[in-house]
Every structure is written in structure tokens, then in C-alpha cells.
Amino acid sequence: MLFAERLKSCRENKRWKQREVADAVHVNLRTYQGYEGGRSEPKFETLIALADLFDVSLDYLFGRTDS
């Protein structure tokens, strides 16, 4: 569940709404909510888009590093 927690934290740090992030990475709002809720996982292309959007590494999103 670390991915979901990191994803939500990144979004909240930017003070963005879930819809804003979903639109930015071209997924449905419910799909994005599933990512933050730990109910689903994004495709690889979406993972890259999320990391780029939040200016973090994939390792950070998955809890492999804290920087």
C-alpha cells in the first residue's frame, strides 16, 4: 500500500485535486481514485506520467527510496 500512500502524499503536497491529476495523466477519475485507494495499479505508461507530473522517481513512488 506504500505506492498509494506516496501517490496521495505527492498530490496533497501540490494541493491538487484527484480530478486534476487524473486529467493530467489521462485516466478516468475513478481509475485514479483506485490508485490512491490501493484497489488498482496503473499501467507502466501511467506510472511514468505520474512520476513526471510530481517530479519524483519511480523508486520514490514505490518506496524504494525516500528522495
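Predicted model: local features only at pLDDT ≥ 70, side-chain atom pairs only at ≥ 80, totals over all residues.

Student: What do the buried residues of helix 4 pack against?

Tutor: By that contact rule, the buried residues of helix 4 pack against helix 1, helix 2, helix 3 and helix 5. The buried residues themselves are T46, L47, L50, A51 and F54.

Student: What makes one face of helix 4 the buried one?

Tutor: Look down the axis of helix 4: its buried residues fall within an arc of 140°, so they line one face of the helix. The face turned away from that buried side carries the exposed residues F44, E45 and D52. Here is the background: an α-helix has 3.6 residues a turn, so residues three or four places apart point the same way.

Student: What comes after helix 4?

Tutor: D55 follows helix 4, and its phi is positive, near 55°.

Student: Why is R11 called buried?

Tutor: Set the value against the cut-off: buried means under 20% relative accessible area. R11 has 10%, so R11 counts as buried.

Student: Where does R11 lie, and what does its side chain reach?

Tutor: R11 lies in helix 1. Its side chain reaches the backbone oxygen of W16 at 3.0 Å. Leaving aside neighbours within four places in sequence, R11 is in contact with W16, K17, Q18, V21, Y32, E36 and F54.

Student: How do you know that the length of helix 1 agrees with what its residues should span?

Tutor: At 1.5 Å a residue, the 13 residues of helix 1 should span 18 Å. The end C-alpha atoms are 19 Å apart, which agrees.

Student: Which residues of helix 1 are buried, and why do we say they line one face?

Tutor: In helix 1, the buried residues are F3, A4, R6, L7, C10 and R11. Seen down the axis of helix 1, they fall within an arc of 165°, so they line one face of the helix. What covers them includes helix 2, helix 3, helix 4 and helix 5. Just after helix 1, R15 takes a positive phi of about 60°.

Student: What is F3 in contact with, leaving aside its neighbours within four places in sequence?

Tutor: F3 is in contact with Y35, P42, L47, L50, L61 and F62.

Student: How do you know that the chain agrees with a compact globule?

Tutor: With 67 residues, a compact globule would have a radius of gyration near 11 Å, and the chain has 11 Å, so the two agree. Along its principal axes, the C-alpha trace spans about 30 × 20 × 20 Å.

Student: And how many helices and strands does the chain have?

Tutor: The chain has five helices and zero strands. Of its 67 residues, 33% are buried.

Conventions. Residues numbered from 1 in each chain as written. Heavy atoms only, no water. Contact = heavy atoms within 4.5 Å. Helix = DSSP H or I, 4+ residues; strand = E, 2+ residues; numbered from the N terminus. Buried < 20%, exposed > 50% of the residue type's maximum accessible area, 1.4 Å probe, protein only. Polar contact = N/O pair within 3.5 Å; in protein donor to acceptor, adjacent residues only side chain to side chain. Expected span 1.5 Å × (residues − 1). Arc of directions from axis to C-beta. Rg over C-alpha atoms; globule rule 2.2 N^0.38 Å.
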